[in-house]
Protein chains: 2
Amino acid sequence: MRAASFGAGPAFAFFLTKVAVMRSLSQSAPRDPLPAALVGTLAALLGERFSTATAVREQHGRDESYHPSMPPDAVAFARSTEEVAAIVTACAAHKVPIIPFGTGTSLEGHIAALRGGVCIDVSAMNAILEVRPADMDVTVQAGVTRKQLNAHLRDTGLFFPIDPGADASLGGMTATRASGTNAVRYGTMRENVLALSVVTPEGRVVKIGGRARKSSAGYDLTRLFVGSEGTLGVITEVTLRLHGIPEKIVSAVCPFPSVRAAVDTVIATIQIGVPVARIEFLNARQILAVNAYSKLDYAAAPTLFFEFHGTPDHVAEQVRMVQDLAADQGAAGFRWAETPEERDRLWTARHNAFYASLATKAGGRGFSSDVCVPISRLTECIAQTEEDLARSALFTSIVGHVGDGNFHVIFIVDPENPAEIEEARRLNDRIVARALAMDGTCTGEHGVGHGKMDFLEDEHGEALDMMRKIKRALDPDDIMNPGKIVRL
Amino acid sequence: MRAASFGAGPAFAFFLTKVAVMRSLSQSAPRDPLPAALVGTLAALLGERFSTATAVREQHGRDESYHPSMPPDAVAFARSTEEVAAIVTACAAHKVPIIPFGTGTSLEGHIAALRGGVCIDVSAMNAILEVRPADMDVTVQAGVTRKQLNAHLRDTGLFFPIDPGADASLGGMTATRASGTNAVRYGTMRENVLALSVVTPEGRVVKIGGRARKSSAGYDLTRLFVGSEGTLGVITEVTLRLHGIPEKIVSAVCPFPSVRAAVDTVIATIQIGVPVARIEFLNARQILAVNAYSKLDYAAAPTLFFEFHGTPDHVAEQVRMVQDLAADQGAAGFRWAETPEERDRLWTARHNAFYASLATKAGGRGFSSDVCVPISRLTECIAQTEEDLARSALFTSIVGHVGDGNFHVIFIVDPENPAEIEEARRLNDRIVARALAMDGTCTGEHGVGHGKMDFLEDEHGEALDMMRKIKRALDPDDIMNPGKIVRL
């Protein structure tokens, strides 16, 4: 049997059984309607920016994944940190759950109102508060999106590199510890968030972290909130590192004779220390979907998308080194994108890979795995996963930030067909078990939400108890996005 | 008055008064002797590796700073994670404080037994457990020192870059969120610790983090423990990122006509994005001390020490760029160190800067400031500090990891002379107030211990309350290195 091939036979079978049992325990508790006094308070505070309309609630209960909509009881559209604090204070008085909402582009049911409550939509908090070019940092409100920020920075010579597929809000990206294609060089939100303003579950506004590039002044609350998914407080402002736009940028696409050849090229690139800015893998099925969606004509083969940043001489040197490594693996050659327009076309196609997969099936919804493993295990992890997928009737594709050891299997399912969802889950459970057996993680960048909670016990063991203690200490009434990350 | 010159007049005066008042509240509570039952348990467990000898206790109560020795009641020399767990379990049963000890080279009284208790010395836990060259990571016991690790790695082509002045233990460096001269390129312990084994205050062994290069799987406990100074648990094993030894390394020393010229060169280097590996500032008095201590003959001027890492071509390009920037500031020229021996001599001299300053005064003890500010404020911060120091009779020098905005004023004081300690404190308080007014931090890399606790309220405000909640949640009996970072 295949399980044995990744060295986790009986443990693997046990893992799958346990996950199935845990999943069958429904997470939704009975819901009370919102207290009339709270509705009155919030309506008085926000006027038309407080809504209980069904369409508004439905829209705020569903993300971009297959997870079913679980709408909140009301949506509060905040315009400032002070308004968020007032909303939280009002909800806290009634112990009503609070779910922060940015662009709704997460993938693990992060915004599902499992126990009802009030969704705080921060998308109108979209002011870029201060750009400090001399310090290469910026402070934004949580609703600013990554594309909005980069458009604003255009004339400064600086950019913000973290780029999940969606044009997500920077508050949401902070909350999910997002990354994307540039993380191999520039890090994830973990490395690029300097400071935050958060509203605590008691409604207090607290500033955490600072603009100094390093500090040993106490517990690292910034990193605690990065990835906390709204469960410890509402992020309302974010101070981010910026990076200089490189003097020279070149991108290239290179098909390989096999998955193994492509991924081995990645491993060699990382081990030899070439500071690639981007190194992304797409399998042949993903390339076909991308070609159809973005009107491109890439060869239907396992493919790497590259980008190189630096001075012209340094970029030329990096390119030579990586071309040599690719040639060693039998790659035919690089197809270059040198002008900004060509590069933009290439990376837009890459960012739209999830949507390209969705477009292969009318009415389909996406289900994405997100494992990340130590780089030495990446080739076998992807190769074994490919074998699993080849035996399934589902449409699947693979795309990944392979320089970090992170890849996604995208399953396209009919949300009305339980058998398809079950099949995707079965395959995803195997992928996660394999990654954990290889010292990896169940989620490299999407986060836990409620979709991946069942895996955390196997990944973290007793450390999960430490997470529960922190959650209880900071949110004793469990009103901040309850039912996500940890069960209390 | 000078305070006004950094835009914090009345707030500054208030800050200094408050700090003085807080400092006068003594931190030491009355101490009970160790319970006989606990002594019996630990003696039975450890035999001769459990000591209550005065000399052993004294040695474990004092770090390398001016802080007076506050010895523990006993010292337990552990050899394994399991032994640490047994010691903690025994102490916890009696609510006896536990103080972890690596090499005792910290600088803010981190190891002072403010409330007595048992010091756990992990220096014999010095096994390098597993080097994984293909993943560029390593797992070590907490007592392994940074030099021991690099000596062990010599044949792998890999190295561990974080280098505080002392040859500290990697457990201690994790606990204080240490950095050093390479942080400008390779990050601090925050960026280089992947996973930990810790013993909780209940005596349980918990593994936190993982070897995947990124993960969004729940709260970032790894970063919470990095910098926690033994207050949340005892770190017993550390998994660290390693880096490839660059193909080409060159170092250089360059004197400047003024402090401003030197620091402005640093700022330009960072802003232009040259990936320098090291860029260190020493003022003229520090150069004189280094010359005397390390038998060197550098010009007595504000000086930068540089190091460049990369391919030969890329290093040559970086050198050209930085030489141009230095020439713009009137620097006379670079003095090169190309052979490993020359480089070693240069950097050993730099690492010994603290000891070189100590050697200027027989019987003197060191007191080091450690502020870190956003890079745009660095020149004015150092220049104003220089003016302060010029008006003091104390021996002082300045040395700093200026690429990060971090610098140290080293005060050499007679520990028996309260007036000297008071003068150093007065100057340090001004330096911290100035850094905080510039959006900086009171400690870039040394940590809080009990020496810097009084500054945290001004730096963190309400966030300090969040830190207290976390401490109480994870260590409800306040037995883990009590009296450090936060007061409960």
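Which order do the strands of the open sheet of four strands in chain A have, and what kind of pairing?

Modeller: This is a predicted model, in which local features need pLDDT of at least 70 and side-chain atom pairs count only at pLDDT 80 or more, while totals for chains, interfaces and linings use all residues. Residues are numbered from 1 along each chain as its sequence is written, chains are lettered from A and ligands numbered from 1 in the order in which they are written, and side-chain values use heavy atoms, with hydrogens and water left out.

The open sheet has the order β1-β2-β4-β3 in chain A, and its pairing is mixed. At its edges are β1 (50-51) and β3 (98-101) of chain A, each of which pairs on one side only. Strands are DSSP runs of E with at least two residues, helices are runs of H or I with at least four, and both are numbered from the N terminus; two strands pair if DSSP finds at least two bridges between them. β3(A) runs parallel to β4 (residues 118-121) of chain A, joined to it by four bridges, and F101(A) stands opposite D121(A) in β4(A).

Over residues 68-245 the chain is 22% helix and 26% strand, and the end C-alpha atoms lie 40 Å apart.

Chain A also meets chain B, and their contact (heavy atoms within 4.5 Å) takes 77 residues from chain A and 77 residues from chain B. The two chains bury about 6200 Å² between them, 56% of it on carbon and sulfur atoms, where buried area is the accessible area (1.4 Å probe) lost on being put together, summed over both parts. K214(A), S216(A) and Y219(A) supply 16% of the area that chain A buries against chain B, more than any other three residues.

Between chain A and chain B there are twelve salt bridges, each a side-chain nitrogen of Lys or Arg within 4 Å of a carboxyl oxygen of Asp or Glu. One salt bridge links R204(A) with D465(B), their closest N and O atoms being 3.1 Å apart.
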